[in-house]
Amino acid sequence: MPNTVLIGAQWGDEGKGKIVDVLTEEADLVVRMQGGNNAGHTVWHGKKKYVLHLIPSGILHRGKTCVIGNGVVLDPVHLVHEIDGLLKLKIGMGRRLFISENAHLVMPYHRELDALREQSRGKKKIGTTKKGIGPTYMDKASRQGVRLGDLMHPERFAGLLKERVRTNNALLKAHGMKTVSFKKTLDACLAASKRLKPFVVNTLPLIHAAMAQGKNLLFEGAQGTFLDIDHGTYPYVTSSSTTSGGACTGSGVPPNRVDRVVGVMKAYTTRVGEGPFPTEDDQLGEMFHGMGREFGATTGRARRCGWLDGVMMRHACMVNGFDDLSVTNLDGLDGVEQIKVCVAYRLRGKRIETMPSSHLDLLECQPVYEVFAGWKKDTSQCQTWASLPPKARQYLKAISQMTQCALSSVSVGPDRLQTIRLN
Ligand code: IMP
C-alpha cells in the first residue's frame, strides 16, 4: 500500500474509524496528525466495541506501529485513561505507540476557556465538544503553548504551567468562571508524564526512517473537511487542519511523499454542533434516531441529519484531492422511498454550483435536489458489488460521477466484515 491519507469528506463522523481499521491491515505505521480528544472513532471487532479518541485505531492490530504526530493536541491525563482502557482489553502498546514531543498539551484552563467562549457567544455558539481544543490551538498559534516535550522536564513544565495558570485564572476570574488549581494540575500532569514517558519521542526521524525502509504509512484524519479551520464552514469549524494538507504539517511528511488520498463519506450527511447545513432534513434525522443511529461517539449528542450534498462533495474533492472515496452507512438509506441528492444551490434567486465562502451566504442557500428511487431492501448482508440492489448501485454510480472519483469501498454496517471492497 502506498502512503495513504484518509480524510472525512463531510463534517466528521463519516465512519472513518472503520475504514482506517480495514486499511490498517496493509499499513505498517498509522499516524494521527491533528485534532484531539474531540474526535471519537468507534471500531467494532466482532461484538467488542472500542471508542478511541487520541490513539490511532491501528493500535487494535497487533504488530502495527502508531504515531501521534506534532499536529495533535492532547490532554495527558485523558491519554493515560485511554491507554489504561486499552490495557484492560489486553491491548499492549509497548514499542509500538510513539507520541510527538511537539504535540501541544490541553490543560484544564483550556476546557474552562472553551466553556467561557461558548457561553459568551450565546445564540452564536459553535457547539464545541468542550474539550478545550480551540483554546489549545489558540495558545499554539499565539506561541504560548505548552508541549509534551516540556512535560518530560518537570521543572521546566512547572514554570511554564505556573505562568499559564496565573494568566488564565485572571481571565476566568474576571468572567466569574471556575479557576484552575496549579498544584492539582501539576500533580495530575506529572503523574501522567511518568506513564507517558516511554512513548514520547521526536517522531520526525522515526517516521522518515520508516519511509526509508519502505514501510507504508496510513494517516488517520480526525473530524472532517467542513470542520477545517481554513476550508470549512468558518467560524463553525474546529481549530485544526482537517483536510489532506494537515497530514503533512501535522506529521512532518512532505507532500511529495503522499501517494494516495482517500475520502470517507456517508451516503447522506450529518453534523454535530451548530452552523449551516443546507440539506438538513429533520424527518430523515428522526428516522435515523428512531433506528438508534447517528448519536455522537464523543458527546452522545444526536447528530443533525440531511441528504447528500453534491456541491459540498465537489468542494471536498478540490481541497483534498481525493483519489478515491469510501462510502459508508449505505444501509442507513435501506428503508427510504425517495433519496434526494443536492446538485446545486439557489442563492438569492441564482443557481450556483460551488460553495459560497461565507457561512452567512451558505445559510441562505436552498438546495436544488435530484431524486433517486430508493432500493427498499436490506443491504447489510451484501458482500459484493453484484449483490447490492440495482438501485443502490445506481445511487453509488451517481456519487462517483458527481465527484469524478472512483469508489474504493462501500460500507453497509458497523462491523468490519460489512465492507464491500471495490478495488
Ligand atoms: P471543537 O473541535 O470541540 O472545538 O468543536 C468545534 C466543532 O467541531 C463543533 O461543531 C463540534 O461538534 C465539531 N467536532 C469536533 N470534533 C468532531 C468530531 O470528531 N466529529 C464531528 N464533529 C466534531
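To start: in which sense do S2 and S10 pair, and over how many bridges?

Author: Happy to. S2 and S10 pair in the parallel sense, and four bridges hold the pairing; two strands count as paired if DSSP finds at least two bridges between them. Before going on, a word on the ground rules: this is a predicted model, in which local features need pLDDT of at least 70 and side-chain atom pairs count only at pLDDT 80 or more, while totals for chains, interfaces and linings use all residues. Residues are numbered from 1 along each chain as its sequence is written, and side-chain values use heavy atoms, with hydrogens and water left out. Helices (H or I, at least four residues) and strands (E, at least two) are DSSP runs, numbered from the N terminus.

Buried means under 20% relative accessible area, exposed means over 50%, and partly exposed lies in between (1.4 Å probe, protein chains only).

Now step back to the whole sheet. It is an open sheet of 10 strands with mixed pairing, in the order S9-S7-S5-S2-S10-S1-S11-S15-S19-S20. S9 (200-201) and S20 (419-421) are the edge strands; each has a single partner strand, so one side of each is left without a neighbour in the sheet. Elsewhere in the order, S11 (residues 260-266) and S15 (residues 324-328) run parallel and are joined by five bridges. In that pairing, Val262 has Asp324 of S15 as its bridge partner.

Next, the helix lying across the strands. H1 (residues 16-24) lies across S1 (4-8), S2 (29-32), S10 (217-220), S11, S15, S19 (406-411) and S20, and runs at about 165 degrees to S1. Contact means heavy atoms within 4.5 Å, and axes are lines fitted to C-alpha atoms, for helices over the stretch in contact, with angles from 0 to 180 degrees between N-to-C directions. Nine of the nine residues of H1 are buried, so this helix is largely enclosed by the rest of the structure. Among them are Lys16, Lys18 and Asp21, along with Ile19, Val20 and Leu23.

That brings us to the packing of nonpolar residues. In soluble globular proteins, nonpolar side chains tend to be buried together. A nonpolar core here is a set of buried Ala, Val, Leu, Ile, Met, Phe, Trp, Tyr and Cys residues joined through side-chain atoms within 4.5 Å. The largest has 61 residues, and Phe322, Leu330, Leu333, Tyr395 and Ile399 touch the most other members. H13 gives the most to this core, six residues. A second, separate core has 50 residues, including Leu79, Leu105, Leu113 and Phe199.

Setting aside neighbours within four places in sequence, Tyr395 is in contact with Ala267, Leu308, Leu330, Leu333, Ile339, Val341, Phe372 and Trp375. The structure holds five aromatic pairs. Phe372 and Tyr395 form one that is edge-to-face, 5.6 Å centre to centre with 80 degrees between the planes. This pair links distant parts of the chain, 23 residues apart: Phe372 sits in S18 (residues 366-373) and Tyr395 in H13 (residues 390-403). Rings of Phe, Tyr and Trp (its six-membered ring) pair if their centres lie within 6.5 Å; planes under 30 degrees apart count as stacked, over 60 as edge-to-face, and the rest as tilted. Both partners, Phe372 and Tyr395, are buried. Separately, Trp11, Phe226 and Phe277 make up one aromatic cluster.

Finally, the cysteines. The structure holds zero disulfides, a disulfide being a pair of cysteine sulfur atoms within 2.5 Å. For Cys248, the nearest cysteine sulfur is that of Cys405, 18 Å away. The sulfur of Cys405 has its closest cysteine sulfur in Cys317 at 4.4 Å, too far for a bond. Cys405 is buried, with a relative accessible area of 3%, and Cys248, at 16%, counts as buried too.
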